[in-house]
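Try each task before you read its solution.

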Amino acid sequence: MLRALLALLLILNGLFFSWTQGWLDGLVGIKASGDREPERLARQQNPERIELLSPSAAKALQQRACVELGPLEGDAALQAAQTVLANAGVPASEWQALRNEQAGVWAVATTRFPNKDLQGRKEEVLKKLKISYEPLSGVPAEMPALLLSRHASEKAAQLQIDRLGQRAVKGLQVLQLQAPINRHTLVFVQADGARRAQLKSLKSPALAPGFKSCTGAAASLAASASSPTSGGR
């Protein structure tokens, strides 16, 4: 009996010694050395990127400011910019999209001149009637022609043609020089220093307008958000 007990003690001592040496870590699932700091350090990824910030630098990161991206020309440009931000992990809750509807431009112009002689005659008529004009540009299919006026709507341009028709000015047409377009601005009303640094580091053609301090409507939005009464709404 004593021999068996002695043998058991020797076996237990041997197992305990093996475990303290770490030989049985994979078998028992409990590390003899515990979760020591050297092992945690070994598991770090890119530890050289860790930098301790001074109190002033940490305070600067906490300071919030309004930045904007824009103008983004058209709805497709807005969607492209939002996609880039989402893929970069920037939450959609941090920005607001402002839209500015840019009116189109319609022109009252003469029809295309088949030759210089007819163009010269038309110019003489316009000069006698004291109607200003300029060479039409940007519409190759209608050139050469003369541009008489620009308008914010097709209806306004047509009304001008009717008025000129009463003065015996013929051979005029309405041309669309620029289609109406929505211009968008993405506004980060309260971006902290870390977010502003991230935004400026993003490289994509969709972000070509660049991030800058808020101006105009975006600045008014930021002022409203930071006012004492805005928190209670």
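**Exercise 1. A glutamine side chain**

Which backbone oxygen does the side chain of glutamine 173 reach, and at what distance?

*Solution.* Before starting, note that this is a predicted model, in which local features need pLDDT of at least 70, side-chain atom pairs count only at pLDDT 80 or more, and totals for chains, interfaces and linings use all residues. Residues are numbered from 1 along each chain as its sequence is written, and side-chain values use heavy atoms, leaving out hydrogens and water.

Step 1. Find glutamine 173 in strand β6, residues 172-178. Helices (H or I, at least four residues) and strands (E, at least two) are DSSP runs, numbered from the N terminus.

Step 2. Follow the side chain of glutamine 173 to the backbone oxygen of threonine 110, at 3.1 Å. A polar contact is a pair of N or O atoms within 3.5 Å; within protein, one must be able to donate a hydrogen and the other to accept it, and residues adjacent in sequence count only if both atoms are side-chain atoms.

Step 3. Look at the surroundings: not counting residues up to four places away in sequence, glutamine 173 touches residues including Val108, Thr110, Glu142 and Ile161. Contact here means heavy atoms within 4.5 Å.

Step 4. Check the accessibility: at 17%, glutamine 173 counts as buried. Buried means under 20% relative accessible area, exposed over 50%, and partly exposed in between (1.4 Å probe, protein chains only).

**Exercise 2. Salt bridges along the chain**

How many salt bridges does a search of the whole structure find? Work through three of them.

*Solution.* Step 1. The search finds 5 salt bridges, each defined as a side-chain nitrogen of Lys or Arg within 4 Å of a carboxyl oxygen of Asp or Glu.

Step 1. Take glutamate 73 and arginine 183, whose closest N and O atoms are 3.0 Å apart. Glutamate 73 belongs to strand β1 (residues 65-73) and arginine 183 to strand β7 (residues 181-191), so this pair ties together parts 110 residues apart in sequence. Glutamate 73 is partly exposed at 37%, and arginine 183 is partly exposed at 31%.

Step 2. Next, arginine 195 and glutamate 94 meet at 2.7 Å, N to O. Arginine 195 sits in helix α8 (residues 193-201) and glutamate 94 in the loop between α5 (75-87) and β2 (96-102), 101 residues apart. Arginine 195 counts as buried, with 16% relative accessibility, whereas glutamate 94 is partly exposed at 32%.

Step 3. Finally, glutamate 134 pairs with arginine 150 at 3.3 Å, N to O. This bridge links strand β4 (residues 134-135) with strand β5 (residues 146-151), the two residues being 16 apart. Glutamate 134 is partly exposed at 34%, as is arginine 150 at 49%.

**Exercise 3. The two sides of a helix**

Which residues of α5 are buried, and what covers them?

*Solution.* Step 1. The buried residues in α5 are Leu78, Ala81 and Leu85. They cover an arc of only 70° around the axis, which puts them on the same side of α5. The arc is that of the directions from the helix axis to the C-beta atoms.

Step 1. Recall the geometry: an α-helix has 3.6 residues a turn, so residues three or four places apart point the same way.

Step 2. The cover over the buried residues of α5 includes β1, β2, β7, α8 and β8 (211-213). Exposed Ala76 and Asn87 are on the face turned away from the buried side of α5.

Step 3. Move to α8, where Gly193, Arg195 and Leu199 are buried. They span an arc of only 160° around the axis, which places them on the same side of α8. At its N-terminal end, α8 is capped by aspartate 192, with a side-chain oxygen 3.3 Å from the backbone nitrogen of alanine 194.

**Exercise 4. Backbone checks**

Where are the peptide bonds to proline 71 and proline 144 cis, and what is the phi of lysine 130?

*Solution.* Step 1. Glycine 70 and proline 71 are joined by a cis peptide bond with omega about 0°, and proline 71 is in strand β1.

Step 1. The bond from methionine 143 to proline 144 is also cis, with omega near 5°; proline 144 is in the loop between β4 and β5.

Step 2. Lysine 130, although not a glycine, has a positive phi of about 55°. Lysine 130 counts as exposed, at 78% relative accessibility.
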